[in-house]
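I want to go through the salt bridges and jot down what turns up.

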Amino acid sequence: MHRACKLARRGEGFVEPNPMVGAVVAKSEGTVLGEGWHKHFGSAHAEVHALAMAGEAARDATLFVTLEPCCHTGKTPPCTDAILRAGIRRVVVAATDPFPAVAGKSIAILEKAGLQVDVGLLEHEAKRLTAPFRMLTTAKRPWMIAKWAMTLDGYLALPQMSTDSSGQSEPHQWISSEVSRAIVHDLRRRVDAIVIGVQTALVDDPLLTARPSGKRPLVRVVLDRQARLPVNSRLVQTAHEHPVLVAVGPQAAKDQIEKLQDNGCEIWHSSTDQSMQMLLELANEFGSRQMTNVLVEGGTHVLDSCFKADIIDEVWAFLAPKLLDANKPSLRLREILSKILVEAIDQTGGDLFVRGLHRRDSLGR
């Protein structure tokens, strides 16, 4: 099952909104006969790949699979049919599938056919693998990841760029290291959308693309209640190449909305100007679009509002070995960081990279 979990990870960023799944066919003494994983959305499932590799040797063998096999016809035929045709004797399932068309039904079908079915081996690991899928299936919203970089004393932004004695601007300074920023770009390549506030767009004029780009189309989302995003910003100027969604409130100026639309931006209208309620509505909108993973990279206000709205599931924080005595530090984010369920701590180019769960109930869905 450890091997099946490892195989499942290979589908990350390719299979969504489906779950990552891995499967291994083995003899009772542990000899591996076949293995596979769900490779991309719409393709054959992990069990089918593993059974095909095992061939006739699969008869009377054991199938280890990280998620309950499907028993319905979607983009592919039912995996339960393939399991029965292959003559598998025993199926070991790490976690049940929350999707209503499956949800224990596959286990019942296999048991009724005389197969031994054992459920729960490495269940926690399997639920972590499928957490975004489970969130989308049960809560109808994506898995939300909050990312930020800050100094040791809690600042999320370095002082504004100054000029030297000759009047030339000094080079832009990043809080996080080049290695940390490369990790973030890798994350961007596998998410469906990235969210910032309009203030970040106005101050930093970011592109918000993954460099190099990934296989998934990345929607760049700006929270902009008053539709203040300049049409000459890099986001708007590249809207025809990379999608831009501007989330506006009911008081946004119609002429500015039209300018953004004329330049290729999509406008999403919230029913409210209240930050937390707007974020909750937007999270539901993401879910209706089958977005599975969404990254929030906004400034302090956006991040704080997302945490207050209780829509953040995972945290990626980069702590740079720097101390400042400048703008107001984000004590709120430091407090949040102290309370997450830490999954990994690494050094990335001199930074301390902390990754963990904010919502402790997320995996129990």
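Predicted model: local features only at pLDDT ≥ 70, side-chain atom pairs only at ≥ 80, totals over all residues.

First thing I looked up: is Arg189 buried, partly exposed or exposed? Arg189 has 21% relative accessibility, so I put it down as partly exposed; buried would have needed under 20%.

Next, the partner. Arg189 makes a salt bridge with Asp186, and I get 3.3 Å between the closest N and O atoms. Asp186 is also partly exposed, because its relative accessibility is 45%, and exposed starts over 50%.

Then I moved on to Arg289. I found a salt bridge from Arg289 to Glu266, with the closest N and O atoms 2.6 Å apart. What does this pair tie together? Arg289 sits in the loop between helix H11 (275-288) and strand E11 (293-296), while Glu266 is in strand E10 (residues 266-269), so the bridge joins parts 23 residues apart in sequence.

Arg289 comes out at 33%, so it goes in as partly exposed. Glu266, with a relative accessible area of 36%, is partly exposed as well.

Arg289 has another entry: its side chain meets that of Glu285 in a salt bridge, 2.8 Å from N to O. Glu285 counts as partly exposed because its relative accessibility is 21%.

Which residues are linked in a network of salt bridges? I wrote down Arg128, Glu314, Glu343 and Arg355. For the total, my count comes to 18 salt bridges.

Notes. Residues numbered from 1 in each chain as written. Heavy atoms only, no water. Salt bridge = Lys/Arg side-chain N within 4 Å of Asp/Glu carboxyl O. Buried < 20%, exposed > 50% of the residue type's maximum accessible area, 1.4 Å probe, protein only. Helix = DSSP H or I, 4+ residues; strand = E, 2+ residues; numbered from the N terminus.
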